[in-house]
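Colleague: Please take a close look at one part, the site around the ligand. Which residues and elements form the shell, and what are the contacts?

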Amino acid sequence: MEKSYFAHLECSACGRAFDPHGVRTTCPDCEQPLLARYDLDALKRSFDPERWRERPATMWRYRELLPVFDEKSIVTLGETQTPLLPLPRLGEALGLRDLWLKDETRLPTGTFKARGLAMAVSKCVELGIKRVAIPSAGNAAEALSAYAARAGLECFVFMPQDAPLANQRVCQAAGARVFLVKGLIGDAGRIVQQGVKTEGWFDVSTFKEPYRLEGKKTMGFELAEQLQWELPDAVVYPTGGGTGLVGFWKAFEELGELGLVGEKRPKMIAVQAEGCAPIVKAFHEGRDEAEPWEGARTIAGGLRVPKPFADRLILRVLRASGGTAVAVSDREILESMKRLARAEGLFASPEGAAPVAALPKLLREGVLKPTERIVLLNSGTLLKHVELLEGSELPVLDPHQSDSLSRSLWEEPS
Ligand SMILES: *Cc1c(COP(=O)(O)O)cnc(C)c1O
Ligand SMILES: [Zn+2]
């Protein structure tokens, strides 16, 4: 078995280094996120990407650049490589000639949260952590519940009261202790922080442990591999806590240092909801940090993060990549969910449809050009959100009454 080249954890703010074998959360000096660093020089000396191709097409094929040391620690539900699909009909309608979707709905629990939590739970197993807790809009709670069940860990999840019913029920089915919180994800986060002190929970919040990011970064490895190591011109990403956006960038940087990809980097474009757009605001005001968004409201629960903990890292990536940040309305999101389903047969959650919704504006503003290769990210499945789709009343047919089956029924559009 090939070994991991995980060398140390590094504070994203002060650069202080930490032993990779200890239990770590954030930097004790500046309370900023820790980033896993690998011995890329050593890996480069012996590395051949063919090795990755020969392994099963899951996120674990990149194990040299993953933080799990012992293969026996890996907790998996089958984190399959997700398809990168062309969007010819949608592209043509929008005037985009090279439009693609990376469809993360095929992962366990139906969202890309599986990548991060498969990695975080695997590291919990490796480090001997037994009780995990998470504040979540719903999908992270669901993924943690699933992986904790698989690993036999005790799991506590805290969601806003209006979290999708599908998330609530599935967490319960997986045996998690489920709590609804009057408030938003930040309020849930404060309850978890309390439990860390009094109950011995390990906090698996976004960027408050270092390994969810390492799971999410495998999206970037897959995308690069699927495009034969030619990175696209732009990646359009629905941004809540920003793990995926920062993860994509980290992946591209690591591949760059290995010499697998050249200098070119995609424009990273963060899409948020108009009712909660702290990153968009901070980006356009030229700030390094986001201000907490007041009265956050949107149907895209995963984007309802009023103050992302990793705001500095997100803004750094947007600027370094020559990208931007853009907000879309809930109405545009709803329309885009239906548009993607109708044009391409692909089912996106509100968050996953937000990048589709952003395209007309990005084109109008000249951020994207018609011939550029653009990759959208569909982060989650529509199937947990059917209550958002209003349908027309459906005809009910009685097979025993043939005169109820008139031709006009088939001719009317439903
Ligand atoms: C959590 C979530 C997001 C936001 O992801 P980040 O990487 O934390 O920005 C987007 N879409 C869905 C479906 C989510 O569950
Ligand atoms: Zn620090």
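Modeller: A polar contact here is a pair of N or O atoms within 3.5 Å; within protein, one must be able to donate a hydrogen and the other to accept it, and residues adjacent in sequence count only if both atoms are side-chain atoms. A backbone N or O atom of Gly244 lies 2.9 Å from an oxygen atom of ligand 1. For Gly242, the backbone N or O atom is 2.6 Å from a ligand 1 oxygen atom. For Thr243, the distance from a backbone N or O atom to an oxygen atom of ligand 1 is 3.2 Å. Ligand 1 taken alone exposes 380 Å², and the protein buries 96% of that (Shrake-Rupley method, 1.4 Å probe).

This is a predicted model: local features need pLDDT of at least 70, side-chain atom pairs count only at pLDDT 80 or more, and totals for chains, interfaces and linings use all residues. Residues are numbered from 1 along each chain as its sequence is written, chains are lettered from A and ligands numbered from 1 in the order in which they are written, and side-chain values use heavy atoms, with hydrogens and water left out.

Now the shell. There are 17 residues around ligand 1 (a heavy atom within 4 Å). Lys113, Tyr237, Gly240, Gly242 and Ser379 come nearest. By class, the shell has 3 nonpolar, 11 polar and 3 charged residues (Ala, Val, Leu, Ile, Met, Phe, Trp, Tyr, Cys and Pro are nonpolar; Asp, Glu, Lys and Arg charged; the others, Gly among them, polar). β10 (234–238) and α10 (243–257) each supply at least two shell residues (DSSP runs numbered from the N terminus: helices H or I, at least four residues; strands E, at least two).
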